[in-house]
Amino acid sequence: MSKHIALGVDIGGSGIKGAPVNLKKGEFLHDRHRIPTPQPATPDAVARVVAQVIAAFEPSKKTPVGVTFPGVVQNGIVKTAANVDDSWIGTDLRKIIRDYAGHDVHVLNDADAAGYAEFLYGGAHKREGVVLMTTLGTGIGTALIVDGVLVPNTELGHLQIDGADAEEFAAESARERHNLTDDQWIAKLQRYYTEMEKLLWPDLIIVGGGVSKEHDMFLPKLRLRAPIIPAELFNSAGIVGAAAYAAARVKAEEAHTKKQAKKSTPQDV
Ligand code: BGC
């Protein structure tokens, strides 16, 4: 695979999807490969499927591979599992996938990947200031990008508002669970985004997740200070963001190794 290609894999509740990404354009190079998420979605079962998705594209050893996870991922380790099997907590995600796939990977939170993709290629296109990405799905995922720097694992879907976890009442899944009419759900979204604005003062808010396809139904009705726009990458954001993140990490690691090598080489005197 060429220098401008990386592979992204998105671990979701119902499917594990991957595709090679053209990093110049932020677009898939081939149709994505999807395998249903195994149930129970334990670390071993999921890692095995992620390895199958990676293998489907036969990446060369040098191709960066990024993988998203729907929970906090800190230094490769899963720290929370709000909507996935509890056995994930404490799992070394990077290592377990590397072991199954026989290929190094970089791992990050799913909303962080989506936000990074929107920042590089989508609605926030390299915008300065404070960009808040929210994904509305089973849970609420958030990504905060400040002057182009991703602040990882913000987890603002779990903010306590009026005594409840925000994703419990404002996520897309809450609509069905509580049988909300459109207007009732929009009122919940208004409450959520008003609180976000109060705390973060974003310059731009992006809304992703499956429901962003219906943005005409709810975005124009929200009264906020910052512009609030739909995500542009829709379903591809997780995969594209994971691929771009992995490529950036590989580049940073190579630069670091070069610097270290220079330091340890005796200099001419
Ligand atoms: C998790 C986040 C995740 C979001 C979307 C939340 O429940 O805590 O880490 O980004 O769901 O999957």
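## Strands, a helix and a ligand site

Strand 14 is covered on both faces: L204, I206 and G208 on one side, and I205 and V207 on the other, are all buried. Buried means under 20% relative accessible area, exposed means over 50%, and partly exposed lies in between, with a 1.4 Å probe and protein chains only. Helices (H or I, at least four residues) and strands (E, at least two) are DSSP runs, numbered from the N terminus.

This is a predicted model: local features need pLDDT of at least 70, side-chain atom pairs count only at pLDDT 80 or more, and totals for chains, interfaces and linings use all residues. Residues are numbered from 1 along each chain as its sequence is written, and side-chain values use heavy atoms, without hydrogens and water.

**Strand pairing.** Strand 14 spans residues 204-208, and five of its five residues are buried. It pairs with strand 9 in the parallel sense over five bridges. Two strands pair if DSSP finds at least two bridges between them. T134 stands opposite V207 of strand 14. Strand 14 also pairs with strand 15 (residues 228-230), in the parallel sense, over three bridges. There, I206 stands opposite I229.

**T135.** This residue belongs to strand 9 (residues 130-136). T135 counts as buried because its relative accessibility is 17%. Beyond its neighbours within four places in sequence, T135 is in contact with A111, A114, I140, G141, G208 and G209. Contact means heavy atoms within 4.5 Å.

**Helix 2.** L93, I96 and I97 are buried in helix 2 (residues 93-101). They lie on the same side of helix 2 because they cover an arc of only 95 degrees around the axis. The arc is taken from the directions from the helix axis to the C-beta atoms. The buried residues of helix 2 pack against helix 1 (43-55), strand 5 (65-69), strand 6 (73-74), strand 7 (77-78) and strand 8 (106-109). Just after helix 2, G102 takes a positive phi of about 65 degrees.

**Ligand site.** The ligand is surrounded by 13 residues, with N109, D110, E155, H158 and E167 the closest. A residue counts here if one of its heavy atoms lies within 4 Å of the molecule. The table lists distances from an oxygen atom of the ligand to an N or O atom in a side chain.

| Side chain | Distance to a ligand oxygen |
|---|---|
| N83 | 3.0 Å |
| H158 | 2.7 Å |
| E167 | 2.9 Å |

Taken alone, the ligand exposes 310 Å², and the protein buries 93% of that. These accessible areas come from the Shrake-Rupley method with a 1.4 Å probe.

Note on methods: A polar contact is a pair of N or O atoms within 3.5 Å; within protein, one must be able to donate a hydrogen and the other to accept it, and residues adjacent in sequence count only if both atoms are side-chain atoms.
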